[in-house]
Amino acid sequence: MSTPKPADGAAAPADTALVDTRDALEVLESEAKEWDKDAEIDRILKAFRLNAYAVLGLKPGAPESDIKNLYRKKSLLIHPDKTKNPLAPDAFDRLKKAQTELMDEKHRARLDEAIADARMLLMREMKLTVDSEELRTPEFEKKWDEKTVFVLVENEQRRRRQMKAQLQEEGREQRKQEEEIEQRKKKRQHEEDWEKTRDQRIDSWRQFQKGKNGEPEKKKKKKLKPIG
């Protein structure tokens with residue numbers, strides 16, 4: 001008895017199983033990629049945003065080439081057009097901001113200085129030296145990260161206070177300038193008004209003088225001679 005042939009266009013059982021396996025692998029691979037994207041988005045959003053190194057997932061002092069390469073890789077991974085995660089736009093913006101800050105030499109120098117200050121403060125608190133073995137332990141790295149957050153927050157608060165004081169000073173200066181402008185404006189208006197009434201004042205004076213000169217002279221009273 002011969003084995004029945006599959007109908008035209010129908011896949012053989014072995015081929016069907018192969019297709020099903022391939023589809024399952026593709027689904028698993030797609031899910032794994034989405035998990036990677038979600039995990040990276042979550043990591044970025046949880047990173048301390050004042051530390052651009054932490055947002056990008058870099059060690060402090062990383063070279064510029066590493067910053068560019070890692071940003072390109074991560075930006076492609078979590079791009080809002082390539083994932084359905086609703087938090088992707090926010091994470092992408094933070095990633096872009098971190099890369100921009102690290103590519104700015106002045107901002108990066110300030111960040112490096114703050115991280116170095118945090119390390120120095122921690123070493124003093126723990127009474128460590130540059131040769132201490134504790135500096136190379138995960139525990140120290142964790143405490144360093146925490147101290148860095150503390151220093152960056154203090155620096156940011158100081159910057160905001162300075163900015164507020166500067167704005168207040170600028171506001172006082174602005175009000176002073178406005179008052180001076182208003183005073184000059186009033187003075188100029190007074191001079192203009194005075195000039196406008198000049199002819200009127202001259203006419204009034206002339207009329208006054210004319211009236212004064214036109215008054216009839218008073219007759220002098222004759223002195224009476226005493227009788228006798």
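Here is a short walk from the whole protein down to a single residue.

## The big picture

First things first: this is a predicted model.

Of its 228 residues, 21% count as buried. The accessible surface of the protein comes to about 19000 Å², and carbon and sulfur atoms hold 54% of that. What about contacts along the chain? Taking the contacts with a separation of 6 or more, 60% are between residues 24 or more positions apart.

## Helix 3 meets helix 4

Now find helix 3, residues 64-78, and helix 4, residues 88-103. Their axes are 10 Å apart, and the two pack at an angle of about 170°. Anything over 145 degrees counts as roughly antiparallel, and that is why helix 3 and helix 4 get that label.

Who does the touching? On the helix 3 side you'll find Glu64, Ile67, Lys68, Tyr71, Lys74, Ser75 and Ile78. Helix 4 brings Ala88, Ala91, Phe92, Leu95, Lys96, Gln99, Leu102 and Met103. Sorted by class, the contact of helix 3 with helix 4 has nine nonpolar, two polar and four charged residues.

## Helix 5 crosses helix 6

Next up are helix 5 (residues 105-126) and helix 6 (residues 138-196). Their axes come within 8 Å and cross at roughly 120°. That angle makes helix 5 oblique to helix 6, and the crossing is a right-handed one.

From helix 5 come Leu111, Ala114, Ile115, Ala118, Arg119, Leu121, Leu122, Met123, Glu125 and Met126. They meet Phe140, Lys143, Trp144, Lys147, Thr148, Val151, Leu152 and Asn155 of helix 6. By class, this contact of helix 5 with helix 6 has 12 nonpolar, two polar and four charged residues.

## Zooming in on Thr148

Let's end on one residue from that list. Thr148 sits in helix 6. Is Thr148 buried or exposed? Its relative accessibility is 3%, and buried means under 20%, so Thr148 counts as buried.

Which residues does Thr148 touch, leaving aside its neighbours within four places in sequence? Thr148 is in contact with Asn51, Ile115 and Ala118.

How values were computed:
Residues are numbered from 1 along each chain as its sequence is written. This is a predicted model: local features need pLDDT of at least 70, side-chain atom pairs count only at pLDDT 80 or more; totals for chains, interfaces and linings use all residues. Side-chain values use heavy atoms; hydrogens and water are left out. Axes are lines fitted to C-alpha atoms, for helices over the stretch in contact, and angles run from 0 to 180 degrees between N-to-C directions. Helices (H or I, at least four residues) and strands (E, at least two) are DSSP runs, numbered from the N terminus. Angles under 35 degrees count as roughly parallel, over 145 as roughly antiparallel, 65 to 115 as roughly perpendicular and the rest as oblique. A crossing is left-handed if the near helix is turned anticlockwise from the far one by less than a right angle, and right-handed if clockwise. Contact means heavy atoms within 4.5 Å. Ala, Val, Leu, Ile, Met, Phe, Trp, Tyr, Cys and Pro count as nonpolar, Asp, Glu, Lys and Arg as charged, and the others, Gly among them, as polar. Buried means under 20% relative accessible area, exposed over 50%, partly exposed in between (1.4 Å probe, protein chains only). Accessible areas come from the Shrake-Rupley method with a 1.4 Å probe; for residues, only the protein chains shown count as cover.
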